[in-house]
Amino acid sequence: MTPEVITLYRAKLFPTRPLRPLSRRRKSTWAGPKEEGRKLGEQKKKLYAEYRKAKADMQEVTTIKANIDYLLGYSEPGRKKEQER
C-alpha cells in the first residue's frame with residue numbers, strides 16, 4: 001500500500017481527526033523512566049547481594065555465639081536451666 005492510499009483510508013476511517021504525515025512519529029516519553037528503572041534494577045541487585053552476604057555472616061556469628069554459650073554453660077535469662085546431675 002502506498003502512503004497516499006493509507007492517508008485516504010485514514011481520512012475515511014476517522015473523518016474528524018486531523019491528518020498527520022505517517023513519517024512523523026511521536027517521541028516516546030518512556031525512554032527516560034525506562035533507563036532510570038534499568039539503572040535502579042542493577043543497583044538493587046548489587047545491594048541485595050551485599051545484604052545476603054551480611055545476613056549469612058550475621059547468622060554464622062549468631063550460631064558461633066550460641067555454640068560458645070552452650071559449651072561454657074551460659075543460658076539466656078528467659079530460658080529454663082537444665083538440671084545438673
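Helices are DSSP runs of H or I with at least four residues, numbered from the N terminus. The model used in these exercises is predicted.

**Exercise 1.** How many salt bridges does a search of the whole structure find? Describe the bridges of K53 and K65.

Solution. 
- Step 1: The search gives three salt bridges.
- Step 2: K53 pairs with D57, and their closest N and O atoms are 3.3 Å apart. These residues are four apart in helix α2, about one helical turn.
- Step 3: K53 is exposed at 54% relative accessibility, because the cut-off for exposed is over 50%. D57 is partly exposed at 37%.
- Step 4: K65 bridges to D69, with 2.8 Å between the closest N and O atoms. Both lie in helix α2, four residues apart.

**Exercise 2.** Classify the aromatic pair of Y48 and Y51 as stacked, edge-to-face or tilted.

Solution. 
- Step 1: The ring centres are 5.6 Å apart, and the limit for a pair is within 6.5 Å.
- Step 2: The planes make an angle of 35°. Stacked needs under 30 degrees and edge-to-face over 60, so the pair is tilted.
- Step 3: Y48 and Y51 both lie in helix α2 (residues 31–72), three residues apart.
- Step 4: Y48 is partly exposed at 43% relative accessibility, and Y51 is partly exposed at 44%.

How values were computed:
Residues are numbered from 1 along each chain as its sequence is written. This is a predicted model: local features need pLDDT of at least 70, side-chain atom pairs count only at pLDDT 80 or more; totals for chains, interfaces and linings use all residues. Side-chain values use heavy atoms; hydrogens and water are left out. Rings of Phe, Tyr and Trp (its six-membered ring) pair if their centres lie within 6.5 Å; planes under 30 degrees apart count as stacked, over 60 as edge-to-face and the rest as tilted. Helices (H or I, at least four residues) and strands (E, at least two) are DSSP runs, numbered from the N terminus. Buried means under 20% relative accessible area, exposed over 50%, partly exposed in between (1.4 Å probe, protein chains only). A salt bridge is a side-chain nitrogen of Lys or Arg within 4 Å of a carboxyl oxygen of Asp or Glu.
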